[in-house]
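Look at the structure below and keep the sequence at hand.

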Amino acid sequence: MIKINEIFFSIQGESLLAGKPTVFVRTATCNLRCTWCDTKYSYWEGSVMTVPQILEKVKSFGAKYVCLTGGEPLGQKGSIELMRALLAENYTVSLETNGSFSIKEVPLDVVKVVDVKCPDSGESESMAWENLSLVRPHDQFKFVVASKADFDWALKVCRDHSLEEKCHILYSPVHGKVKPQELAHWILDSKAPVTMQIQLHKEIWGPNERGV
Ligand code: SF4
């Protein structure tokens with residue numbers, strides 16, 4: 001059983017899978033409270049579903065890609081069972097997680113997009129640092145940057161832990177806090193081997209649209 005906030009079909013807006021038509025399974029509840037969180041509605045709203053019920057709903061969209069997101073999926077034990085069930089149905093499965101839970105139990109074939117919370121989020125102390133050594137090459141660490149200080153902190157974490165040797169590194173600006181062009185300049189000036197991304201779904205549907 002998993003408390004689900006929403007299930008919808010849209011264009012993947014983040015990660016190296018950006019642009020793919022994807023079914024999103026958004027779990028309800030989150031253990032963190034990031035200052036810039038844009039899915040606060042997921043903290044409380046939702047209803048309990050079984051894994052077969054979720055699978056049936058996912059199948060109805062006829063898609064190939066499924067993204068488990070939140071809220072925080074790893075805050076609910078049923079998420080592991082759900083990911084196994086989706087892989088068994090031959091979906092390409094990705095997991096967006098806030099980094100505060102160990103990814104040890106996540107099936108290896110799942111593409112894990114693991115946040116490393118920068119200081120301006122107010123949650124940088126929440127990181128489960130063991131995750132730095134649990135990723136596979138297809139996984140991605142994501143730094144959401146709200147200021148130049150966040151950017152400098154992210155660079156230091158990447159360098160101190162040689163993160164670019166472990167998997168892909170994504171830097172993304174907080175909408176309304178850092179302009180994409182500013183972040184692009186910082187990345188180019190630093191010559192960091194990272195991938196810049198913007199939240200594509202906000203460009204397509206608008207910044208406040210839900211279920212897209
Ligand atoms: S981890 Fe995600 S859902 Fe939770 S507070 Fe932070 S941004 Fe919001």
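This is a predicted model. Begin with Val 145, which touches Cys 118, Asp 150, Phe 151, Ala 154, Tyr 171, Ser 172, Pro 173, Val 174, Val 178 and Leu 183, leaving aside residues up to four places away in sequence.

Val 145 also belongs to the largest nonpolar core, which has 40 residues. Val 145 is listed there with Val 25, Val 66, Met 83 and Phe 143 as the residues with the most contacts inside this core. The element that gives the most to the core is strand β7 (residues 140–145), with four residues. In soluble globular proteins, nonpolar side chains tend to be buried together.

Strand β4 pairs with strand β2 (residues 21–27) in the parallel sense over five bridges. In this pairing, Phe 24 stands opposite Cys 67 of β4. Strand β4 also pairs with strand β5 (residues 92–97), again in the parallel sense, over four bridges. Here the partner of Val 66 is Val 93 in β5. To get from β4 to β5, the chain passes through helix α2 (residues 78–88), and this β-α-β crossover is right-handed.

The last stop is the ligand. Which residues surround the ligand? They are Cys 30, Leu 32, Arg 33, Cys 34, Cys 37, Thr 39, Ser 42, Gly 70, Gly 71, Glu 72 and Asn 98. Sorted by class, this shell has four nonpolar, five polar and two charged residues.

Terms used: Residues are numbered from 1 along each chain as its sequence is written. This is a predicted model: local features need pLDDT of at least 70, side-chain atom pairs count only at pLDDT 80 or more; totals for chains, interfaces and linings use all residues. Two strands pair if DSSP finds at least two bridges between them. Helices (H or I, at least four residues) and strands (E, at least two) are DSSP runs, numbered from the N terminus. A crossover is right-handed if, with the strands pointing away from the viewer, the path from the first strand over the helix to the second runs clockwise. A residue is near a molecule or strand if its C-beta atom, placed from the backbone, lies within 6 Å of it. Ala, Val, Leu, Ile, Met, Phe, Trp, Tyr, Cys and Pro count as nonpolar, Asp, Glu, Lys and Arg as charged, and the others, Gly among them, as polar. A nonpolar core is a set of buried Ala, Val, Leu, Ile, Met, Phe, Trp, Tyr and Cys residues joined through C-beta atoms within 7 Å. A residue is buried if 20 or more other C-beta atoms lie within 10 Å of its own, exposed if 12 or fewer, and partly exposed in between; C-beta atoms are placed from the backbone. Two residues are in contact if their C-beta atoms, placed from the backbone, lie within 7 Å.
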